[in-house]
Amino acid sequence: MAMFDQVLVARLGDTEIARAPEQETVTLEGSVYFPLDSVRFELLRETATRTRCPWRGEAIYYDVVDGTRISADAAWSYPQPGRKAKRIVGFVSFWKEVETSPA
């Protein structure tokens, strides 16, 4: 498979949370951001957690729930990122127990 054909998947255990062609994702400071339409939002639950980055803006967080476990605040997005981070508007990224890898 050519690099530009590679598909990335975010998983919590065996549960697929997001899937997108690599060329449709954005990597920023080591985090892979998936387009909103590639994310299974039925597995995310918005939390009250918010953080602020001087150049990315305010992040909102989501618990990732796979039916058997909850990974607290393991997904985040920047609905209104700063000017330098505009390319991540409309994207979600993951961390903690959620692993991102090629499909």
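Leaving aside its neighbours within four places in sequence, with which residues is Leu 44 in contact? In this predicted model, local features need pLDDT of at least 70 and side-chain atom pairs count only at pLDDT 80 or more, whereas totals for chains, interfaces and linings use all residues. Residues are numbered from 1 along each chain as its sequence is written, and side-chain values use heavy atoms, with hydrogens and water left out.

With those neighbours excluded, Leu 44 is in contact (heavy atoms within 4.5 Å) with Ile 17, Val 39, Tyr 62, Asp 63, Val 64, Ala 75 and Phe 94. Leu 44 is also listed, together with Ile 17, Phe 34, Val 64 and Phe 94, among the residues that touch the most other members of the largest nonpolar core, which has 19 residues. Such a core is a set of buried Ala, Val, Leu, Ile, Met, Phe, Trp, Tyr and Cys residues joined through side-chain atoms within 4.5 Å, where buried means under 20% relative accessible area, exposed over 50%, and partly exposed in between (1.4 Å probe, protein chains only). Apart from this core lies another, of eleven residues, including Tyr 33 and Phe 91.

A search of the whole structure finds six salt bridges, each defined as a side-chain nitrogen of Lys or Arg within 4 Å of a carboxyl oxygen of Asp or Glu. One of them joins the side chains of Glu 29 and Arg 56 at 3.2 Å, N to O; Glu 29 is exposed, with a relative accessible area of 57%, while Arg 56 counts as buried at 17%. In another, Glu 42 and Arg 40 meet at 3.0 Å, N to O, with Glu 42 exposed at 58% relative accessibility and Arg 40 partly exposed at 34%.
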